[in-house]
Amino acid sequence: SASLALEAKTLKAIESKLNPAKGQQAVKARSETNALKAMQLVRQCLAHPPKSSPSQTQVAQVEQLMNQAARLDPSNPLVFYLLGDNQLKSSRAAQAVASFTQALKLSPSLTPALFGRGTAYMRLNLLDLALADYNKALELNPEQPEYYMGRASTWLIKENFPAMCNDFKEACSRGQCDGYHWATSRGHCK
């Protein structure tokens with residue numbers, strides 16, 4: 001039985017040398033199967049998203065699923081984005097930066113990953129890097145009020161109140177006014 005398995009393996013190797021297209025088709029089919037399995041794991045996470053303050057069990061479950069998905073399809077930026085988002089929600093900003101960076105290597109215009117990495121940088125007090133990511137996210141998608149809110153929060157930490165007020169106003173003009181109301185109630189914005 002072991003010799004039959006060896007013969008079968010040898011025949012497959014010879015066949016792939018004689019017909020490399022068939023070998024490439026098998027690799028492509030395996031890759032597509034892994035990509036589909038990874039997307040099933042992503043859908044599973046998206047079907048039951050963790051709350052803004054997830055339990056440790058939820059964090060561990062999402063982390064396990066996304067790590068499995070990353071092994072199956074390391075070319076999928078959504079997997080790394082979701083992994084970073086999970087890490088950010090569980091106060092692991094440095095790990096989130098790495099995951100968001102991987103997502104951005106695979107898809108440089110993935111604005112949610114830019115926003116997430118900007119937020120992680122802000123939590124690490126790397127304010128100039130946070131601003132760079134928020135600026136890029138806003139350049140690519142200027143209609144997202146959350147991106148203005150993130151940048152405004154960074155301006156607040158840097159005590160640049162005029163820039164903060166401008167961003168809070170922009171967010172408010174897009175329907176998210178909490179920051180603007182907070183800043184006006186404290187006399188930072190008019």
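Does Asp73 count as buried or exposed, and at what relative accessibility? In this predicted model, Asp73 counts as buried, at 11% relative accessibility.

**Figure 1. Asp73 and its contact with Ser75.** Asp73 is found in the loop between helix 3 (56-72) and helix 4 (77-89). The side chains of Asp73 and Ser75 are joined by a polar contact of 2.7 Å. Buried means under 20% relative accessible area, and the 11% of Asp73 therefore counts as buried.

**Figure 2. The disulfide of Cys165 and Cys189.** The sulfur atoms of Cys165 and Cys189 are 1.9 Å apart and form a disulfide. The torsion about their S-S bond is about -95°, so this disulfide is left-handed. Cys165 lies in helix 9 (residues 161-173), and Cys189 lies in the segment after helix 10 (178-185), so the pair ties together parts that are 24 residues apart in sequence. Cys165 is buried, with a relative accessible area of 7%. Cys189 is buried too, with a relative accessible area of 6%.

**Figure 3. The disulfide of Cys172 and Cys177.** Cys172 and Cys177 form a disulfide in which the sulfur atoms are 2.1 Å apart. The link of Cys172 and Cys177 is right-handed, with 90° about the S-S bond.

**Figure 4. The disulfides of the whole structure.** A disulfide is a covalent bond between the sulfur atoms of two cysteines. A search of the whole structure finds 2 disulfides. With bonded cysteines counted along the chain, the disulfides of the protein chain follow the pattern 1-4, 2-3.

Methods:
Residues numbered from 1 in each chain as written. Predicted model: local features only at pLDDT ≥ 70, side-chain atom pairs only at ≥ 80, totals over all residues. Heavy atoms only, no water. Disulfide = S-S within 2.5 Å. Helix = DSSP H or I, 4+ residues; strand = E, 2+ residues; numbered from the N terminus. Buried < 20%, exposed > 50% of the residue type's maximum accessible area, 1.4 Å probe, protein only. Polar contact = N/O pair within 3.5 Å; in protein donor to acceptor, adjacent residues only side chain to side chain.
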